[in-house]
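I opened a notebook page for this structure and wrote down what I looked up, entry by entry.

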Amino acid sequence: DFDCGGQAGAIGVVWPAAQGACVESVRVDARGAHAGFYGLPGRNWGAVDLDVIGGEYGIRHGYGAAQAANREVCAGVTIIGARLIGQTRRAIDYIDFVPLVLIGFAIEKDFAAAGANSDAPLSVVEMASNTANNTLVLLDGSIVLRNAATGQAAIANPGNGTTAGKTLYLRNVYVTGTTRLVQSTAGAGLSAADPVRWHRIAQPLPKGDAFL
C-alpha cells in the first residue's frame, strides 16, 4: 500500500516495465495527489488487483502521459481487477498504439467533488497516425457517475473533429448516474432514459453503429 495523499504532483507507483512483468495487489491513496499509477508492464502482461482512491488520474500510461511527448512508456497493457474511485479528471488516461484491455473494474467519479472537471472517467483519445492507436476493450465492469450534468458521458469516443472515433469494444459493462452511456463521433452514441437506474451494455452493437 502507498499513501501519497496531499502531495500535489505525486504518483504512487511509477513502473513502465517490459514484457513478462506484473503489478499485483497494489493500493494507492492519491487524494490530493496527481495519480495512483504511471506506467504498467506492457507487451504480454500488465496488472492484477489495483486500487486507487482519489488523484487527478487513477492510471496514466502510454506516450507522453507525464513525460515528453512521443516517449513510449509501455504498450499493450492488460489490467485485470481495478477499483478506481474519486478521480477528479479520468480514471484511466492512456495514449497507446496497442489496445488497452480492462477486465473486471469499478469506476466512480463525483463531478461535484473539489477540483473535478467535466472529462468522462473513460475517454478514447483520438490519434490519426495509426488505426490501432488508443482502441479500448472494457469487459465486466461498472461505471458510476455522481452529480453529473445533463448529457455527461460515462465513456467518451468523440474523435478529433476530422476523423472518426476509435474502435470501442464493450461487453457486460454497467453504467449509472447518466443517460449518456457512450459519446460517439456522430453524437448519437448510446443513451438510456433513466439516469438513476443501472444500464447494462451487454455486447457490441453491429458494425456500422455510430459509437463503434
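My entries below cover the ground rules, the core, the cysteines, the salt bridges and one further arginine.

**Ground rules.** I am working with a predicted model, in which local features need pLDDT of at least 70 and side-chain atom pairs count only at pLDDT 80 or more, while totals for chains, interfaces and linings use all residues. I number residues from 1 along each chain as its sequence is written, and the side-chain values use heavy atoms, with hydrogens and water left out.

**Core.** I looked for a nonpolar core, meaning a set of buried Ala, Val, Leu, Ile, Met, Phe, Trp, Tyr and Cys residues joined through side-chain atoms within 4.5 Å. Here buried means under 20% relative accessible area, exposed over 50%, and partly exposed in between, with a 1.4 Å probe and protein chains only. The largest such core has 43 residues, and those touching the most other members are F37, L40, L50, I79, L138, I143 and I155. I then followed I155 and, setting aside neighbours within four places in sequence, found it in contact (heavy atoms within 4.5 Å) with A120, L122, L138, I143, L168, L170, L181, V182 and Q183. I noted beside this that nonpolar side chains tend to be buried together in soluble globular proteins.

**Cysteines.** I checked for disulfides, defined as pairs of cysteine sulfur atoms within 2.5 Å, and the count came to zero. C4 is buried at 10% relative accessible area, whereas C22 is partly exposed at 27%.

**Salt bridges.** How many salt bridges are there? Counting a side-chain nitrogen of Lys or Arg within 4 Å of a carboxyl oxygen of Asp or Glu, I have eight. One of them joins R27 and D49, whose closest N and O atoms are 3.2 Å apart. R27 lies in strand β3 (residues 22–29) and D49 in strand β5 (residues 46–53), so this pair ties together parts 22 residues apart in sequence; strands here are DSSP runs of E, at least two residues long, numbered from the N terminus. I also recorded the pair D29 and R31, with closest N and O atoms 2.7 Å apart, where D29 is buried at 19% and R31 is exposed at 51%. The side chains of R146 and E108 meet in another salt bridge, at 3.2 Å from N to O, and this pair links strand β11 (residues 136–146) with strand β9 (residues 100–110), 38 residues apart. Salt bridges that share partners also join R27, D49, D51 and R83 into one network.

**A further arginine.** R171 sits in strand β13 (residues 168–176) and is partly exposed at 34%.

Notes. Helices (H or I, at least four residues) and strands (E, at least two) are DSSP runs, numbered from the N terminus.
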